[in-house]
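Please look over the sequence and the structure shown here before reading the report.

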Amino acid sequence: MQKKNNNFFKLEMLFLKILSIRDCYGYEITHSIKELTNGKIDIKEGSMYPVLYKFEDLGYISSEKKLVGKRMTRIYYHLEPSGKEYLERIYKEYKEMTSIIDTFMEEEHDLQ
């Protein structure tokens with residue numbers, strides 16, 4: 001079975017939105033999304049890290065290790081200006097696509 005490439009709705013848009021609000025560590029990002037969507041979007045941490053690493057490589061986000069307590073460190077992610085621009089672009093594309101779909105669904109179509 002071929003893997004679907006879903007360019008319409010990107011979870012990365014949600015990751016960047018959370019980071020536009022505040023710097024977060026990984027679990028905090030997924031937990032915030034779950035909480036803010038009343039549990040309707042539950043992202044497994046393992047599927048989030050490849051996206052965060054890609055964003056870091058692209059310069060959209062940066063990371064910083066912070067000591068929490070005496071021994072534990074967490075990696076906090078920060079949205080960079082290029083990431084903010086990317087978020088604005090993909091959100092605009094998302095809104096355009098939802099508008100097109102809404103119009104399509106509301107119209108009567110004659111396919112004969």
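## Basis of the model

This is a predicted model, in which local features need pLDDT of at least 70 and side-chain atom pairs count only at pLDDT 80 or more, while totals for chains, interfaces and linings use all residues. Residues are numbered from 1 along each chain as its sequence is written, and side-chain values use heavy atoms, with hydrogens and water left out.

## Helix α1 against helix α4

Helix α1 (residues 11-21) packs on helix α4 (residues 81-106) at an angle of about 130 degrees, and their axes are 10 Å apart. Helices here are DSSP runs of H or I with at least four residues, and strands are runs of E with at least two, numbered from the N terminus; axes are lines fitted to C-alpha atoms, for helices over the stretch in contact, with angles running from 0 to 180 degrees between N-to-C directions. The two helices α1 and α4 are therefore oblique to each other, a word kept for angles that are not roughly parallel (under 35 degrees), roughly antiparallel (over 145) or roughly perpendicular (65 to 115).

On the α1 side the contact (heavy atoms within 4.5 Å) is made by E12, M13, L16, K17 and S20, and on the α4 side by G83, Y86, L87, I90, Y91 and Y94. By class, this contact of α1 with α4 has seven nonpolar, two polar and two charged residues, where Ala, Val, Leu, Ile, Met, Phe, Trp, Tyr, Cys and Pro count as nonpolar, Asp, Glu, Lys and Arg as charged, and the others, Gly among them, as polar.

## Helix α1 against helix α3

With helix α3 (residues 45-58), α1 packs at an angle of about 70 degrees, the axes lying 11 Å apart, and that makes α1 roughly perpendicular to α3. E12, F15 and L16 of α1 meet M48, V51, K54 and F55 of α3 in this contact, which by class has five nonpolar, no polar and two charged residues.

## The β2-β3 hairpin

Strands β2 (residues 61-68) and β3 (residues 72-79) run antiparallel and are joined by eight bridges, pairing being assigned if DSSP finds at least two bridges between two strands. The two strands form a hairpin with three residues between them, and in the turn G69 has a positive phi of about 75 degrees. K66 stands opposite R74 in β3.

## Residue T30

T30 has its place in helix α2 (residues 26-36). At 5% relative accessibility T30 counts as buried, the cut-offs being under 20% relative accessible area for buried, over 50% for exposed and partly exposed in between, with a 1.4 Å probe and protein chains only. Leaving aside neighbours within four places in sequence, T30 is in contact with I43, E45 and M48.
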